[in-house]
Amino acid sequence: VPPVALRWVSKPNDYQWEDREQRAVQWKKMRMKVTVQCLAWVLQRFPRLRALSLTGWCEDMDTVQRRLAVLLECTEAWNSYDSSFGFQWPVVDDHLALAIGRWCPRLEFLPGCRFDETFSSQALAHLAARQPRLRALAVQSSTVPAPSTKMWIAALSFPHLRSLNVSYIKFVTDDVLVSIAKGCPKLEDLSLPGTRVGDRGIRFLAKGGFPCLRAIAMGDLRVSSAVVRELLCSAMIARVHTLDLYNHALLGTDLQLLTKHCPALAWLSLQNDDFTPLISKSELSTFIEASGANLRGLRLDAVFSNALARTVGASCPRLSHFLIGGIDRSHDFSDAGLRAVLEGCPHLKVLDVAFCEGLSLFGRRWGAGPQRFATLLAELGGRLRWVSVHGCSHRALSLLRRTLPLAYFDHDGYIDTSIEVEYKDTESVDSLMQVYGVHSDSDDSFHSGGDDDEDEEDDDGEFDVGDHDIPTTRGRA
């Protein structure tokens, strides 16, 4: 539910959901099963399908088209960037997994998946047996019951898989990581953020447990600094081109190890939620000067400033993804620094400046604030295709969309209330109601024509990998 679904009530820090938003969410749940059935039926019509992305957005069609245009143009895959494009929907159940395995024998890419609680190891084994060409699989944030974990992992065997995302799946431990290496020997891109992989698992990576690995995302792991340094000094790090070290307490000496042992590094995330970073601005500047020529993606944290922005502009001519959101006014990052980045990075397509309070986008006055920022983007940002501007006013967001109609401006609806603007803001657009067909506050109907609760099929928990007809449905998806 978007932020607009919250409203202030009498007691401080007490919120309640708007009734119409509750109905919209219920409407979505009731249509989910029908949507999955229809999608399974549609797959029969596309036997040569090679890529299927199960990602949905609660937005109007114009906004969705802008997002799709960005995805088609910005083909570089970077987890920190791709995760900003929405939530995984619909959840994959046994029925849909069977349809994918049966009707899509040429499938190679299956991103954006999220298996539900009832997804069985038999369904996963069926996918593995029927999808010999599958090269990319993303199942992040899936919920699997603990008793079936071992069987589920045993079925995770995709010999030709190149990319696997198991982010924030809690049962992925050091032992599971070893099992993944056995079942997916050709893996090149592995995302582990938020899992329970520890020191032993990272040592397994450092010793060459995945001989083909080129990209590692290991943010939010409980790994000691000493083991991280072992990884940065290992022989396998020399072939890595993508490294996500989100929320790891790195030192300036660690950046020196990256410069020395990781010559192929092109995508790097050093974001840290700790507001007292251990890396100084001078150490970061030295690293960017030494390694910036090859960098194509860079994510930094609150240590950023105008001086570092000038270093990035002068040292990173190939940069296409730059993410630095969340910098307050105390860190001296303003339009001057952003101008240096835009001028020095002619290939920049993806930019994150959310909650960067020093930019004119978050200025109090309209003319010296959002209008000035829009002028800057119109002058130097014509090549941008995705810009994160969380926290800005709705009126500023509308101006940016008119200024760069080919770009997608990512905004979650929240306004930075610490900034009291002196101009009149506009109301946000509530699109959740439009997407799920709740037409008015007086409409209490949740059923589409002809669909009743008693018509829904009972789920006995059984899974048959044999012939299985796709059931028809009278519901409107």
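**Helix packing, sheet and core**

Author: In this predicted model, the axes of helix H4 (residues 94-103) and helix H5 (residues 121-130) come within 9 Å and cross at roughly 10°. Angles under 35 degrees count as roughly parallel, which means that H4 is roughly parallel to H5.

Reader: How many helices and strands does the protein have, and what percentage of its residues count as buried?

Author: The secondary structure consists of 16 helices and 16 strands. Among contacts between residues at least 6 apart in sequence, 77% join residues that are at least 24 apart. Of the 477 residues of the protein, the share that counts as buried is 51%.

Reader: Which strands are the edge strands of the open sheet of 12 strands?

Author: The strands of this open sheet follow the order E5-E6-E7-E8-E9-E10-E11-E12-E13-E14-E15-E16, and their pairing is parallel. An edge strand here pairs on one side only, and this holds for strand E5 (109-110) and strand E16 (408-410).

Reader: Which residue in E6 is the bridge partner of Leu110?

Author: E5 pairs with strand E6 (residues 136-138) in the parallel sense, and the pairing runs over two bridges. For Leu110, the bridge partner in E6 is Leu137.

Reader: With which residues is Leu284 in contact, leaving aside its neighbours within four places in sequence?

Author: Leu284 is one of the core members that touch the most others. Once its neighbours within four places in sequence are left aside, the residues in contact with Leu284 are Leu255, Leu270, Ile279, Leu300, Val303 and Leu308.

Reader: Why is helix H12 (residues 306-315) described as largely enclosed by the rest of the structure, and against which elements do its buried residues pack?

Author: Seven of the 10 residues of H12 are buried, so the helix is largely enclosed by the rest of the structure. Those buried residues are Asn306, Leu308, Ala309, Thr311, Val312, Gly313 and Ser315. They pack against helix H11 (281-291), strand E12 (297-299), E13 and H13.

Reader: Is Ser315 buried or exposed, and which residues does Ser315 touch beyond four places away in sequence?

Author: Ser315 lies in helix H12. Its relative accessibility is 15%, and because buried means under 20%, Ser315 counts as buried. Not counting residues up to four places away in sequence, Ser315 touches Ile288, Glu289, Gly292 and Ala293.

Reader: How far does the backbone nitrogen of Gly201 lie from a polar atom of the side chain of Asp174?

Author: Asp174 is found in helix H7 (residues 174-183), and at 13% relative accessibility this residue counts as buried. Not counting residues up to four places away in sequence, Asp174 touches Arg196, Val197, Gly198, Arg200 and Gly201. Between a polar atom of the Asp174 side chain and the backbone nitrogen of Gly201, the distance is 3.1 Å.

Reader: What separates the C-alpha atoms of Val139 and Asn165?

Author: Val139 is found in the loop between E6 and helix H6 (149-154), and with a relative accessible area of 2% Val139 is buried. Val139 and Asn165 are 26 residues apart along the chain, and their C-alpha atoms are separated by 6.0 Å.

Reader: What are the phi values of Asn247 and Asp332?

Author: Most residues other than glycine have a negative phi. Asn247, in the loop between strand E10 (242-244) and helix H10 (252-261), counts as partly exposed at 26% relative accessibility. Asp332, in the loop between strand E13 (321-323) and helix H13 (335-344), counts as partly exposed at 49%. Both phi values are positive, that of Asn247 being near 65° and that of Asp332 near 55°.

How values were computed: Residues are numbered from 1 along each chain as its sequence is written. This is a predicted model: local features need pLDDT of at least 70, side-chain atom pairs count only at pLDDT 80 or more; totals for chains, interfaces and linings use all residues. Side-chain values use heavy atoms; hydrogens and water are left out. A nonpolar core is a set of buried Ala, Val, Leu, Ile, Met, Phe, Trp, Tyr and Cys residues joined through side-chain atoms within 4.5 Å. Buried means under 20% relative accessible area, exposed over 50%, partly exposed in between (1.4 Å probe, protein chains only). Contact means heavy atoms within 4.5 Å. Helices (H or I, at least four residues) and strands (E, at least two) are DSSP runs, numbered from the N terminus. A polar contact is a pair of N or O atoms within 3.5 Å; within protein, one must be able to donate a hydrogen and the other to accept it, and residues adjacent in sequence count only if both atoms are side-chain atoms. Two strands pair if DSSP finds at least two bridges between them. Axes are lines fitted to C-alpha atoms, for helices over the stretch in contact, and angles run from 0 to 180 degrees between N-to-C directions. Angles under 35 degrees count as roughly parallel, over 145 as roughly antiparallel, 65 to 115 as roughly perpendicular and the rest as oblique.
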